[in-house]
Amino acid sequence: MTDDHGAAAATTATAARGPAMALPFDADSLAAPLGTARMTLRPIEPRDSDDIWEYQRLPEVLRYIPWPVRSREEAHVHTLKRAGMRRLGEDGDAFHFAMSLRGERSLARGEGSEPRDRVVGDIMLRVTSAEHAQLELGWVLHPAFQGRGLAAEATSEVVRFAFESLNPHRLNAHVDVRNTASAALCRRLGMRLEATLVEDVWDEGWQDSAIFGLLRGEWEARGGATAS
């Protein structure tokens, strides 16, 4: 086998697999945080723990997110863990953007806590299949800040970042079917309902999950914009 033949075979194999995502990605490679009209979207940091605790502890948040009830100390450990998740490379790797709302004072406690903007929610990107170029999108927003379009503003910017910088073929979201607000946000992002998994989660009774999806080509066909 000649070198030329080997190179051609490798090219054919790559084409058969389809376009690859731009992995690995490391949070440290971000030249600057993402920004929207009202928010800065940046990697979660350990010092965000108090702000995150304020919504992580709420029953109305835990109802739809597979988080256990945690004490403040346990929640702090959880935030430290997520703050350390800064690399996307293999299936299961995740990265979390803090939704830092400009003009809203952080609730951070402790000596030396300088004034800064409050984290009112966070957005996750997770590699579900590096081989097939698929990412999962997830989000949570403090209920006190819902109804202001903040979730749509932030998630649409992360969707833009994902398609432009990480090059996935598709973006997925898993939503508890009882969470009609998140299902509506999926549709606003241009995602379609692709499947309903019947009684796949136990939460004080069997619950159904909705699977939403968005292809890169569909996002590009809209000019990379969020559906109205």
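1. In α2, the buried residues are S49, D50, D51, I52, W53, E54, Y55 and Q56. Buried means under 20% relative accessible area, against over 50% for exposed and in between for partly exposed (1.4 Å probe, protein chains only). Helices (H or I, at least four residues) and strands (E, at least two) are DSSP runs, numbered from the N terminus.

2. A word on the source. This is a predicted model, where local features need pLDDT of at least 70, side-chain atom pairs count only at pLDDT 80 or more, and totals for chains, interfaces and linings use all residues. Residues are numbered from 1 along each chain as its sequence is written, and side-chain values use heavy atoms, with hydrogens and water left out.

3. How confident is the prediction? The average pLDDT (the predictor's confidence in each residue, from 0 to 100) is 90, and 89% of the residues score at least 70. Residues 6–15 fall below 50, and beyond near neighbours in sequence this stretch has 1 contact in the model. Contact means heavy atoms within 4.5 Å.

4. What covers α2? Its buried residues pack against α3 (59–62), α4 (72–83), β6 (117–129) and β7 (134–141).

5. Look at α4 next. Two packed helices are described by the angle between their axes and the distance between the axes. For α2 and α4 the angle is about 115°, and the axes are 9 Å apart. Axes are lines fitted to C-alpha atoms, for helices over the stretch in contact, and angles run from 0 to 180 degrees between N-to-C directions. S49, D50, I52, W53, E54 and Q56 of α2 meet R72, A75, H76, H78, T79 and R82 of α4.

6. Now the sheet. It is open and has 8 strands, in the order β2-β3-β5-β6-β7-β8-β10-β9, with mixed pairing. Two strands pair if DSSP finds at least two bridges between them. At the edges, β2 (34–35) and β9 (192–202) each pair on one side only. Helix α2 packs on this sheet, touching β6 and β7, and its direction makes about 80° with that of β6.

7. Some pairings in detail. Strands β6 and β7 run antiparallel, joined by 8 bridges; R126 stands opposite E136 in β7. Strands β5 and β6 are also antiparallel, with 9 bridges; F97 stands opposite I123 in β6. Strands β3 (39–43) and β5 (94–105) pair in the antiparallel sense over 5 bridges, and L41 stands opposite M99 in β5.
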